[in-house]
Amino acid sequence: MISLGQDEIAKYPFLAEAGQYLKDKGFTLEQFATDPDLRIIVDKAYERIESAAEDKTYYPELDDPSEKETTLPLNVFSFLIAIVLLKLSGLNTLINKFSLAEARRAEKFLQRDLVSNSDKTSEEFAIKIFRDIFSVTIKKTGGYFVIPIPDYLRHAVNFHEREWKLVNRHVENGMVFLSPRESVRLIRWKLSGYIGSKIKSANTPSMSDGFEDKVKRLSALAKKFVVNTVVTGAYPPCIEHAIEVLNKGENLSHSGRFMLATFLLGRGQTIDEIAPLFKNAPDWNEKVTRYQIKQLSGETGGSKTKYVCPSCEKIKSNNLCYITPDCDNIINPMQFGRKRL
Amino acid sequence: MLENDLKFLEETFKQYYFDHFDLIHVPDRSKEREYGYKKFNSGMIRHMSLKTDKDLHLMLMTNAPSDVFCSNGYYSFPNLPMAEKDWKEADLIFDIDAKDLKLSCRKDHTCMKCVSCAEISLVQDACPKCKSNKLDLVSLPCQNCISGVKKEVLNLVKILTTDLQIDDKNIRISFSGNEGFHVYVTNSSYNQLGSNERRDLIDYIKFQSAMPERFGFPKNNPSRISFPDLGDSGWSGRVAKELFGSKSKRSKTITKIISDGQVAYQQKLEEMKNSIGVKIDSNVTSDIHRIFRLEGSLNSKSSLVKLVCQDIEKFNPYIEACLIGDEPVEILANFPIKFSLKNTKFGPYMNEKTSVPKYAAAYMVCKGIASISDT
């Protein structure tokens, strides 16, 4: 485990052991639920989740030395109480949104720390986060950071944009050269996943009266992400699984999204029917999603290529195959059900 | 396949294995690999485990396979079904095939075989005998094809050793036994990569999806200085060489590129995948569970051996990988184009009975252009 100073905990609160931190500071969870003086922290925690749900990044100033004494603990506590509220609500959609927003927030600090020539400790700490949490060996060379190609590829495959492809990177002697901004952006999904998994693996505390109202409000907040699409007909297990992943608000890989959208297009569904399925994805953006499905359908795009659902073999190689006896030796998910008749 | 041909090839292949146990070994970490084989006129048998050379030789003698394969992947339980094997890692593998190079010589040594009546003729729209348009192409690659593939292999190895910093001690090149070469990378930091990561690596090696911005031409205000330079490492240097040829032409060429615009430059970069990208088979390299032809085994598409090349530039597959005996065999041959094996010229054959050395008979039967004569 990385040892944390006061500054680091405020920037990267997800690295702290929540229970231990509260204890060290002499607080109990009940106090937050009952003490009116601590109400402000619970309110801040709620705001933090709310802004995450709206895809905004909670980004308090940590630099003002006059406020440092009060803002530091307030930031850490509001993060920890936000987790308590999320655990009590049990809403995966919100947990994922919150994790992504917190990852974005941490990204800003990481980026600043990586380039802060004056503060060697912060820089070393940022490099340590890369190494210890994401198994990425990152080294500073002039104004660049260099990362071994295999480490780079493991993270870059999560991006859909062409600029992240290795061919569009400066590569030299087995290393990829990145700017500080790119280095940090590279680990966003993993960082968000890391925060999410820490939240999911944390124990759920018992409900206190002081938190009940906030938790109810979170349920109401999450309602707008509920998918009401009716799914009919027999879908192969890979497609069922992909829909399930999305419904849970978990991130579906690029190849998974491609498979799902091309499959549904192939079954004659319209863009209006398909787009809402992606509503729960942590990076949901209706305009972008609709545009992408349109591209797949061949309605737009230079080549007007209509993309078809990938073969079972390809799906298997992308770890998206959940074969059952019902698949009955089909070679493409589109054949599912048809062959059985 | 006709019964006579089947019997001939089975016996010939078995004899080869019996005589060449010295050439066919299990690879390193054999206990962690999956093996598979095919028999003539039959499907693939896989999910086998072979621990030692002895196990392998016994399998060859018992089954007289047409083709033998071994996984690039390492597993805890290689003989269990795929989902239960517990994949650990996989060697990085590459296949470069002459047919993917689209060389102009190909039409000179390609014939077509009618699927309906088996008539062999020069390439045309329909079968001259039965007018069917279900046709297979049969090609016997020439030295030019082999030279073309070798050039690609050397380009690949250059990228592997420089850009990817792979130690050349960990790179092994083999003739595939038909019309290409296989490249293995073992013990590298790339072994742990999954299929998706390998696909990105494939695009890198093939020089696919390159963006003009990366190669010096942003949307707005292109600057002459940001274009690649001949001394740059990696793709920048190779692109500069392709674009400018020499240092003296750099400035003039950049002026033209900028005046032609970014879209034209993008087009140019896309076309460059054909000239400077390495033509590897994507399906092979992205596969981390592949069973890949075993070195030292025969390829049933040709009866030539998949053989490790110590010096690829000097290697001549039609001499060195042709290891079947030369006792005369009577065949009925039909192939209207000449070819050469072991420094001997054969053909053209116009549906005629002839006597050829066994290695040539096996080659032609495997290619589907001859049958073992009844008499």
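Mentor: Let us begin with a term: the expected span of a helix is 1.5 Å times one less than its number of residues. Please keep in mind that this is a predicted model. α13(A) has 13 residues, and the distance from its first C-alpha to its last is 18 Å, close to the 18 Å expected at 1.5 Å a residue.

Consider next the surroundings of this helix. α13(A) is mostly covered, since 11 of its 13 residues are buried. Among the buried residues are S255(A), G256(A) and R257(A), as well as F258(A), M259(A) and L260(A). After the helix comes G268(A), whose phi is positive, near 90°.

We may now turn to the partner. Two packed helices are described by the angle between their axes and the distance between the axes. The crossing of the two helices, α13(A) and α15(A), is right-handed.

Which residues make the contact between α13(A) and α15(A)? On the side of α13(A) they are A261(A), T262(A) and L265(A), and α15(A) supplies I293(A), L296(A) and S297(A). Sorted by class, the contact of α13(A) with α15(A) has four nonpolar and two polar residues, and no charged ones. The spacing of such residues can be understood from the helix itself: an α-helix has 3.6 residues a turn, so residues three or four places apart point the same way.

A second pair in chain A may be set beside this one. The axes of α6(A), residues 92-115, and α10(A), residues 188-201, come within 8 Å and cross at roughly 130°. That angle makes α6(A) oblique to α10(A), and α6(A) passes α10(A) in a right-handed crossing. The residues in contact include I95(A), S99(A) and E102(A) of α6(A), together with R188(A), L191(A) and I195(A) of α10(A). By class, the contact of α6(A) with α10(A) divides into seven nonpolar, four polar and four charged residues.

How values were computed. Residues are numbered from 1 along each chain as its sequence is written. Chains are lettered from A and ligands numbered from 1 in the order in which they are written. This is a predicted model: local features need pLDDT of at least 70, side-chain atom pairs count only at pLDDT 80 or more; totals for chains, interfaces and linings use all residues. A crossing is left-handed if the near helix is turned anticlockwise from the far one by less than a right angle, and right-handed if clockwise. Helices (H or I, at least four residues) and strands (E, at least two) are DSSP runs, numbered from the N terminus. Two residues are in contact if their C-beta atoms, placed from the backbone, lie within 7 Å. Ala, Val, Leu, Ile, Met, Phe, Trp, Tyr, Cys and Pro count as nonpolar, Asp, Glu, Lys and Arg as charged, and the others, Gly among them, as polar. A residue is buried if 20 or more other C-beta atoms lie within 10 Å of its own, exposed if 12 or fewer, and partly exposed in between; C-beta atoms are placed from the backbone. Axes are lines fitted to C-alpha atoms, for helices over the stretch in contact, and angles run from 0 to 180 degrees between N-to-C directions. Angles under 35 degrees count as roughly parallel, over 145 as roughly antiparallel, 65 to 115 as roughly perpendicular and the rest as oblique.
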